[in-house]
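Visitor: Could you walk me through the side-chain contacts in this model? I'd like to begin with the aromatic residues.

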Amino acid sequence: MNITEVKENAGPREFGPADDMPEEYRKAATRMIQFHANSEVMGGYLDKEFTRHAPSIDRKLANTAKVQDEIGHAQLLFRAAETLGVKTRDQMLDELAEGEGKFLNCFHYPVDSWYEAPMIDFFVDGGAMRRQATLKSTSWTPYAHAMDKVCFEEGFHVKHGESILRELMQGSKATQERVQETFETWWPRILQFFGPTNDESVHDDFAQSVGLKTTTNDALRNSFLNMYIPKAEKYGLEIPDTPRIYERDDGTMAVREEDLDWDEFWTISKNEYDGSKEQIGSRRRRQEAVEWVRDALDTWESTDSTRMEVAQS
């Protein structure tokens, strides 16, 4: 199949491993799914910090389960990416450890307090749900299948984050002020979670033309604003004056894109932000620390396979 035929036939769950896909499609799909898988790894890595800060055993247990979910999502996505035949899972994990793998902007910022938990678990995961729901209709079938499970579990994660926000905003005035202060720090980052504006996006047009994406970055961002500004206000948060939010002619909301710090965003996108280096390096050291476990499992698997062959001979 050539790229023209791909564009003519693109539709939800239209293509799979049995199809002879052109290299341009396979590389674009791999880049997109690898980015998503990396983000699940780094999001889970960020989220594990909240287990230490969680104020009760129930919150710690719930957070630990969420981290396990996120790493499970990454495994699913790496396997879905492998079906395109461009890179192996190990290659993608090595790229992430070496600082070559890209991932979502919000996971480049280290966290150090429980007040940040709802910023990630409610707002960022809520934004992720807006994006991932559309990917259930992506043209690469293994990716869409992975989204079925991911979206089901992310729905629980958003409820988990909403519960934390509700609890904090029912706390003392000092607690409410700390949450508001944290929200003001995270709000611009959350709005950039959806990526660059449509006119600055390098990959958006091609991804949509072959059915990998079904919605633009700007449309996802506006959809998030319409849903989550009322939710934030419901729990007593005040929307910061900057970046400016305005109402469009059709009654929906949008952000003044020029109010967002795009220089910082593009620095992050290259993994060159200070927080990027800290997060990537910290995770790489954790990966290296458990290398002996992987080696032991590989040895056991190899020995067990040899034993089975001898027994069957």
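Guide: Ring pairs join Phe-122, Phe-123, Phe-183, Trp-187, Phe-193, Phe-194, Phe-224 and Tyr-228 into a cluster; rings of Phe, Tyr and Trp (its six-membered ring) pair if their centres lie within 6.5 Å, and planes under 30 degrees apart count as stacked, over 60 as edge-to-face and the rest as tilted. This is a predicted model, in which local features need pLDDT of at least 70 and side-chain atom pairs count only at pLDDT 80 or more, while totals for chains, interfaces and linings use all residues. Residues are numbered from 1 along each chain as its sequence is written, and side-chain values use heavy atoms, with hydrogens and water left out.

Visitor: How many aromatic pairs does the count come to by this rule?

Guide: The count comes to 17 aromatic pairs. Phe-50 lies in helix H2 (residues 23–53) and Trp-114 in the loop between helix H4 (89–97) and helix H5 (117–135), so the pair ties together parts that are 64 residues apart in sequence. Helices here are DSSP runs (H or I, at least four residues), numbered from the N terminus.

Visitor: Phe-50 and Trp-114, buried or exposed?

Guide: Both Phe-50 and Trp-114 are buried, where buried means under 20% relative accessible area, exposed over 50%, and partly exposed in between (1.4 Å probe, protein chains only).

Visitor: Switching to charges, which residue has its charged end over the ring of Tyr-109?

Guide: That is Arg-189, whose charged end sits 3.7 Å from the ring centre of Tyr-109; the rule asks for NZ of Lys or CZ of Arg within 6 Å of the ring centre and within 35 degrees of the ring normal. Arg-256 likewise lies over the face of Tyr-246, at 3.9 Å from the ring centre.

Visitor: And how many salt bridges does a search of the whole structure find?

Guide: The search finds 22 salt bridges, each being a side-chain nitrogen of Lys or Arg within 4 Å of a carboxyl oxygen of Asp or Glu. Among them, Lys-66 and Asp-47 meet at 2.3 Å, N to O, and this pair links distant parts of the chain, with Lys-66 in helix H3 (residues 57–82) and Asp-47 in helix H2, 19 residues apart. Both Lys-66 and Asp-47 are buried.

Visitor: What about Arg-79, which residue is its salt-bridge partner?

Guide: Arg-79 forms a salt bridge with Glu-82, their closest N and O atoms being 2.8 Å apart. Being 3 residues apart in helix H3, Arg-79 and Glu-82 are separated by about one helical turn. Arg-79 counts as partly exposed because its relative accessible area is 46%, and Glu-82 is also partly exposed, at 25%.

Definitions and conventions
Helix = DSSP H or I, 4+ residues; strand = E, 2+ residues; numbered from the N terminus.
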